[in-house]
Amino acid sequence: MNNIEPEFQKIYDVVRAIPRGSVLSYGEVAKIAGSTARTVGWAMGNVEDPDVPWQRVVGADGYLRIGARSPELKAKQHRLLLEEGVEFLENGYVDMAKQRDAGAPPPAPQTLSLDLDE
């Protein structure tokens with residue numbers, strides 16, 4: 001873990017705080033971590049630590065964006081999220097309305113702000 005970019009580390013800390021069965025969008029993670037959605041995508045594409053639940057980060061519309069990189073990774077993400085109880089729509093997108101109805105985003109590590117309305 002020594003070679004992780006500091007910006008990626010902040011992102012990974014936010015992702016580690018997403019509870020099992022929940023998801024956040026790349027943009028939501030970026031806002032909490034003080035980053036950009038694109039950087040969050042790069043960070044998720046470079047996760048090496050098995051402690052970072054990368055599968056819990058999806059597109060704002062619920063689309064599993066990793067599918068553009070690899071159909072196998074998309075299938076794995078879908079399976080992992082199903083195992084956690086995340087609900088999907090018929091089109092294969094995460095049901096983001098149910099995710100929002102399930103409550104507020106997860107608590108972030110103490111050093112990070114979670115105010116998504118700023």
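**Entry 1: elements**

I looked up the secondary structure and found five helices and two strands in the protein. Helices here are DSSP runs of H or I with at least four residues, strands are runs of E with at least two, and both are numbered from the N terminus. Read from the N terminus on, the elements run α-β-α-α-β-α-α.

I noted that the model is predicted, that local features need pLDDT of at least 70, that side-chain atom pairs count only at pLDDT 80 or more, and that totals for chains, interfaces and linings use all residues. Residues are numbered from 1 along each chain as its sequence is written, and side-chain values use heavy atoms, with hydrogens and water left out.

**Entry 2: the whole protein**

I looked up the burial and found that 41% of the 118 residues are buried. Buried means under 20% relative accessible area, exposed means over 50%, and partly exposed is in between, with a 1.4 Å probe and protein chains only. The protein exposes about 6900 Å², and carbon and sulfur atoms supply 49% of that area. Accessible areas come from the Shrake-Rupley method with a 1.4 Å probe, and for residues only the protein chains shown count as cover.

I then turned to contacts, where contact means heavy atoms within 4.5 Å. Of the contacts with a separation of 6 or more, 61% are between residues 24 or more positions apart.

**Entry 3: helix α1 against helix α3**

At what angle do α1 and α3 pack? I found about 80° between helix α1 (residues 6-16) and helix α3 (residues 37-45), with the axes 10 Å apart. The axes are lines fitted to C-alpha atoms, for helices over the stretch in contact, and angles run from 0 to 180 degrees between N-to-C directions. The two helices, α1 and α3, are therefore roughly perpendicular to each other. The cut-offs are under 35 degrees for roughly parallel, over 145 for roughly antiparallel, 65 to 115 for roughly perpendicular, and oblique for the rest.

On the α1 side I listed E7, F8, I11, Y12 and V15, which meet T39, V40, W42, A43 and M44 in α3. By class, this contact of α1 with α3 has eight nonpolar, one polar and one charged residues. Ala, Val, Leu, Ile, Met, Phe, Trp, Tyr, Cys and Pro count as nonpolar, Asp, Glu, Lys and Arg as charged, and the others, Gly among them, as polar.

I started with F8, which sits in helix α1. F8 is buried, at a relative accessible area of 15%. Leaving aside neighbours within four places in sequence, F8 is in contact with T39, W42, A43 and N46. From F8 to V40 I read 7.5 Å, C-alpha to C-alpha, although they are 32 residues apart in sequence.

Next came V15, also placed in helix α1. Is V15 buried or exposed? V15 is buried, with a relative accessible area of 0%. Not counting residues up to four places away in sequence, V15 touches V29, M44, V52, P53, W54 and V57.

R16 belongs to helix α1. With a relative accessible area of 27%, R16 is partly exposed. Its C-alpha atom and that of V52, 36 residues apart along the chain, are separated by 5.4 Å.

**Entry 4: helix α2**

Helix α2 (residues 26-33) is mostly covered, as six of its eight residues are buried. I wrote them down as Y26, E28, V29, A30, I32 and A33. Just after α2, G34 takes a positive phi of about 70°.

I also checked how α2 packs on α3 and found an angle of about 100°, with the axes 8 Å apart. That makes α2 roughly perpendicular to α3. Y26, G27, V29 and A30 of α2 make the contact with A37, V40, G41 and M44 of α3.

**Entry 5: aromatic pairs**

How many aromatic pairs does the structure hold? I found two. Rings of Phe, Tyr and Trp (its six-membered ring) pair if their centres lie within 6.5 Å, and planes under 30 degrees apart count as stacked, over 60 as edge-to-face and the rest as tilted.

The ring centres of Y63 and Y93 are 5.1 Å apart and the planes are at 50°, so this pair is tilted. Y63 lies in the loop between β2 (57-58) and α4 (71-83), and Y93 in the loop between α4 and α5 (96-101), so the pair ties together parts that are 30 residues apart in sequence. Y63 counts as partly exposed at 25% relative accessibility, and Y93 is partly exposed with a relative accessible area of 24%.
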